[in-house]
Amino acid sequence: MHHLNGNWIVHFFSERGHCTRIENDRSDIADITASIVQGSSLGPASYVVSAADMQPGHAGNAIVKYADDTCLIIPAVNSHTCTEELRRIQSWADDNNLPLNAAKSREILFLAHSARKKAMQLPPPCLGIEQVSQITALGVVVNDRMTASDHVTDLLSSCTKLLYALRVLRAHGMSQQSLVYGRRN
C-alpha cells in the first residue's frame with residue numbers, strides 16, 4: 001500500500017494523470033490539468049468549493065450550483081443583463097480551467113400564460129444558447145408554463161416501459177420473487 005504524506009485531498013488534486021488500459025495494453029499517462037475531475041468521488045464537492053466565488057454581477061440575479069451543474073436565474077426585469085452574466089460565467093470558467101459547454105447549455109423563459117408569450121416580443125437567445133420550452137433539473141422536468149404535466153408524462157412513460165419489461169420477463173419464466181425490486185432474503 002502506498003503511504004501518502006500529508007493531506008490525501010491535497011495529494012488527490014496535485015500531479016494527476018490518466019491512462020486507459022484494455023486487457024494488457026496501456027496508453028501513456030496524460031496529465032490532468034482541469035481543476036475538477038468529472039466522475040471522481042470528490043468532483044461534486046470540489047466543484048462546489050471551487051465555484052464558491054462565482055457570483056452574479058447584478059442584484060436580483062442568482063446562480064444556483066449543485067454537483068457540476070450551474071443555473072443562472074435572471075428575473076424578467078433584469079433580462080438585459082443576460083449576456084453580461086453569461087460572459088462573467090465564461091470568464092470565471094476560463095480563469096478556473098473549467099470548460100463551459102455552450103452546446104449542453106439551455107435557456108428557458110418562464111411566462112405565466114401562453115397568451116402573454118405570443119403577445120410579447122421575446123428576447124433573442126443569449127450568446128446563441130438554445131432556447132427550450134422544458135428542461136430537466138435534478139431529475140425533474142420543468143416546462144416554461146411551470147406545470148407538472150411534462151414531468152408526469154415522462155414518469156408515466158418510464159413506468160409503462162418498466163411494467164412492459166417486467167411482463168416480458170415474467171412471460172419468459174422469471175420467478176415472481178426475482179421480479180420484486182429490492183427484495184431481501
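Me: Which residues of α3 are buried?

Reply: In α3, the buried residues are C82, E85, L86, I89, W92 and A93. Buried means under 20% relative accessible area, exposed over 50%, and partly exposed in between, with a 1.4 Å probe and protein chains only. A word on the source: this is a predicted model, where local features need pLDDT of at least 70, side-chain atom pairs count only at pLDDT 80 or more, and totals for chains, interfaces and linings use all residues. Residues are numbered from 1 along each chain as its sequence is written, and side-chain values use heavy atoms, leaving out hydrogens and water.

Me: How do you know that the buried residues of α3 line one face?

Reply: Seen down the helix axis, they fall within an arc of 120°, so they line one face of α3. The arc is taken from the directions from the helix axis to the C-beta atoms. The face turned away from this buried side carries the exposed residues R87, D94 and D95.

Me: What covers the buried residues of α3?

Reply: The cover includes α2 (43–50), β5 (62–66), β6 (69–73) and β7 (106–108). Helices (H or I, at least four residues) and strands (E, at least two) are DSSP runs, numbered from the N terminus.

Me: Why is L166 called partly exposed?

Reply: L166 has 31% relative accessibility, so it counts as partly exposed. L166 is found in helix α5 (residues 149–171).

Me: How much of the chain is buried?

Reply: Buried residues make up 18% of the 185 residues.

Methods: Contact means heavy atoms within 4.5 Å.
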